Amino acid sequence: EEEEEGERRPPDAEVACEALQCLCNAVYNSPAARDAAEQLRLLRGLAAHLKRGARGRPGSGPGAAVGGLPDPRFYELRLMFLLTALSVDARMQLGRQLRGLALLTAALEAALGLGPGAGDGEAGVTMMMMGE
């Protein structure tokens with residue numbers, strides 16, 4: 001059966017997922033990869049890309065699977081998590097310069113399918129996480 005037009009993934013989406021998975025593995029296992037990511041300002045690029053993606057269509061957030069493959073933004077969030085978990089400087093940069101809390105809240109709300117009327121941002125996410 002042919003997929004509906006609206007659910008087709010770009011042909012490069014699978015390649016993007018694989019590449020991001022490789023980057024995640026490299027960052028996790030290699031201090032040299034983390035240094036390269038810092039020099040290339042990867043965190044800043046990921047934040048900008050996620051900001052654009054968080055304003056996307058409903059139900060298209062990180063983790064929204066189409067055709068059995070995760071959305072590449074899922075791996076972008078994973079890479080951002082690894083970069084910030086393994087580097088205090090990256091954590092500080094995300095929190096202070098890149099408005100990380102607002103960015104990650106918006107990405108999580110997009111992933112959970114929460115809209116602007118679903119709460120006041122952080123409170124809506126907290127309620128979802130607590131199962132309320």
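R41 is found in the loop between α2 and α3, in a model that is predicted. Helices here (H or I, at least four residues) and strands (E, at least two) are DSSP runs, numbered from the N terminus. R41 is exposed, with a relative accessible area of 61%; in this briefing, buried means under 20% relative accessible area, exposed over 50%, and partly exposed in between, with a 1.4 Å probe and protein chains only. Residues are numbered from 1 along each chain as its sequence is written, and side-chain values use heavy atoms, with hydrogens and water left out. Because the model is predicted, local features need pLDDT of at least 70 and side-chain atom pairs count only at pLDDT 80 or more, while totals for chains, interfaces and linings use all residues.

**The overall picture**

- The protein chain holds seven helices and zero strands.
- Read from the N terminus on, its elements run α-α-α-α-α-α-α.
- Of the 132 residues in the protein chain, 29% are buried.
- Contact means heavy atoms within 4.5 Å. Among the contacts in the protein chain with a separation of 6 or more, 62% are between residues 24 or more positions apart.

- The place of R99 is the loop between α5 and α6, the latter covering residues 100–112.
- R99 is exposed, with a relative accessible area of 58%.
- As background, most residues other than glycine have a negative phi.

- Helix α2 covers residues 31–39, and S30 caps its N-terminal end.
- In this cap, a side-chain oxygen of S30 lies 3.2 Å from the backbone nitrogen of A32. That can be read against the cut-off for a polar contact, which is a pair of N or O atoms within 3.5 Å; within protein, one must be able to donate a hydrogen and the other to accept it, and residues adjacent in sequence count only if both atoms are side-chain atoms.
- α1 and α2 pack at an angle of about 115°, and their axes are 5 Å apart. This makes α1 roughly perpendicular to α2.
- Axes are lines fitted to C-alpha atoms, for helices over the stretch in contact, and angles run from 0 to 180 degrees between N-to-C directions. Angles under 35 degrees count as roughly parallel, over 145 as roughly antiparallel, 65 to 115 as roughly perpendicular, and the rest as oblique.
- On the α1 side, A26, V27, Y28 and N29 meet P31, A33 and R34 of α2.

**The largest nonpolar core**

- A nonpolar core is a set of buried Ala, Val, Leu, Ile, Met, Phe, Trp, Tyr and Cys residues joined through side-chain atoms within 4.5 Å.
- The largest one has 18 residues, and L43, L79, M80, L83, L94 and L103 touch the most other members.
- At least two residues of this core come from each of α1 (13–29), α3 (42–54), α4 (72–85) and α5 (88–96).
- α4 gives the largest share of this core, with five residues.
- Setting aside its neighbours within four places in sequence, L94 is in contact with L43, M80, T84, R99, G100, L103 and L104.

**Where α4 meets α5**

- The axes of α4 and α5 come within 6 Å and cross at roughly 120°, which makes α4 oblique to α5.
- M80, L83, T84 and A85 of α4 make this contact with A90, R91 and L94 of α5.

- Y75 sits in helix α4 and counts as buried, at 8% relative accessibility.
- Leaving aside its neighbours within four places in sequence, Y75 is in contact with C17, L20, Q21, C24 and P70.
- The C-alpha atoms of Y75 and L23 are separated by 9.2 Å, although these residues are 52 residues apart along the chain.
- L77, in helix α4 too, counts as partly exposed at 22% relative accessibility.
- From C-alpha to C-alpha, L77 and A107 are 8.3 Å apart in space and 30 residues apart in sequence.
- H49 has its place in helix α3 and counts as partly exposed at 33% relative accessibility.
- H49 and E76 are 27 residues apart in sequence, with 8.7 Å between them in space, C-alpha to C-alpha.
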